[in-house]
Amino acid sequence: MTNLGIRTVAVLGGTGPQGRGLARRFAAAGLPVVLGSRNAERAQAAAKELASATGGQVEGAANHEAARIGEIVIVAVPWEGHGELLSELAPVLAGKLVVDCVNPLGFDGKGAFAHRVPEGSAAEQAAALLPESRVVAAFHHVSAALLDDPTVEFVDGDVLVLGDDRDATELVQQLAATIPGMRGIYGGRLRNSHQVEAFTANLISINRRYRAHAGLRVTDI
């Protein structure tokens with residue numbers, strides 16, 4: 001089993017709801033965190049606030065610099081800018097573990113729905129754009145509201161982790177487990193990430209109907 005140790009986690013899109021929530025939890029777990037954003041000053045302000053709230057080591061930077069610093073790089077940017085950003089950062093992300101948690105979703109009068117992605121999924125698009133990186137799909141079904149709520153001590157849910165590199169998926173499973181209440185569960189090869197991303201649309205429908213922050217829990221494991 002790969003040992004997570006103390007590795008710097010960079011969160012691209014770290015000032016958005018999902019990225020900020022994940023950054024909060026990793027900082028609280030004692031991991032050094034770099035918040036990335038299109039605006040470095042915005043990232044630095046958010047990092048200062050998170051460092052104060054968690055007592056952790058958090059710094060802010062532009063996405064490019066955050067990607068350079070991070071040993072594990074989480075992609076939590078809006079789907080609309082996903083491909084363009086990763087294309088730009090491919091040289092910087094070479095040799096790194098990249099965790100894609102982007103859900104290619106749209107919204108209309110009927111609610112959330114999954115986009116069709118030419119490569120199959122956001123994670124597969126990331127793998128195609130980052131041939132020299134180890135790409136893993138994870139953290140799609142965790143409520144941003146719960147992650148970023150300092151009054152929530154335990155986040156009840158499992159994280160499905162998908163990828164083609166066993167060491168990389170085991171490392172991300174351990175990363176998920178640093179968040180109290182959560183487990184990282186291997187969910188298959190990267191080619192199976194489409195249905196994992198798309199299922200987020202179902203969770204959004206559940207949450208709207210029941211006014212909840214539902215996640216996933218895998219039984220019998």
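Contact here just means heavy atoms within 4.5 Å. Helices (H or I, at least four residues) and strands (E, at least two) are DSSP runs, numbered from the N terminus. The model is a predicted one, so local features need pLDDT of at least 70 and side-chain atom pairs count only at pLDDT 80 or more, while totals for chains, interfaces and linings use all residues. Residues are numbered from 1 along each chain as its sequence is written, and side-chain values use heavy atoms, with hydrogens and water left out.

Helix pairs come up first. Two packed helices are described by the angle between their axes and the distance between the axes. The axes are lines fitted to C-alpha atoms, for helices over the stretch in contact, and the angles run from 0 to 180 degrees between N-to-C directions. In helix H4 (residues 82–93), His82, Gly83, Leu86, Ser87 and Ala90 meet Ala122, Gln125, Ala126 and Leu129 of helix H5 (residues 122–129). The two axes come within 9 Å and cross at roughly 25 degrees. That makes H4 roughly parallel to H5, since angles under 35 degrees get that label, while over 145 is roughly antiparallel, 65 to 115 roughly perpendicular and the rest oblique. The contact of H4 with H5 involves five nonpolar, four polar and no charged residues. For these classes, Ala, Val, Leu, Ile, Met, Phe, Trp, Tyr, Cys and Pro count as nonpolar, Asp, Glu, Lys and Arg as charged, and the others, Gly among them, as polar.

Helix H1 (17–28) pairs with helix H2 (40–54). Their axes come within 10 Å and cross at roughly 40 degrees, which makes H1 oblique to H2. This crossing is right-handed too. Arg20, Ala23, Arg24, Ala27 and Ala28 of H1 meet Ala46, Glu49, Leu50, Ala53 and Thr54 of H2, and the contact splits into six nonpolar, one polar and three charged residues.

Next come the spaces. On a 1 Å grid over the protein atoms alone, a cavity is a set of points where a 1.4 Å probe fits but cannot get out, a pocket is an open set with protein on both sides within 12 Å along at least five of seven lines, and lining residues have an atom within 4 Å of a point. Grid points are joined across faces, edges and corners, and a volume is the space filled by probe spheres set on the points.

The largest pocket holds about 1000 Å³ of space. Of its 36 lining residues, Pro17, Gln18, Ala76, Val77 and Pro78 are the closest to its centre. H8 gives the largest share of this lining, four residues. The second largest pocket has a volume of about 160 Å³. Here the largest share, three residues, comes from H1, and the lining includes Arg24, Ala28, Ala53 and Thr54.

As for cavities, the structure holds two of 30 Å³ or more. The largest has about 80 Å³ of space, and of its 13 lining residues the closest to its centre are His141, Val142, Asp156, Gly157 and Gly215. The second largest cavity, about 30 Å³, is lined by Pro104, Ala114, His115, Val117, His194, Glu197 and Ala198. Helix H8 (residues 193–210) supplies three of these residues, the largest share.

Notes: A crossing is left-handed if the near helix is turned anticlockwise from the far one by less than a right angle, and right-handed if clockwise.
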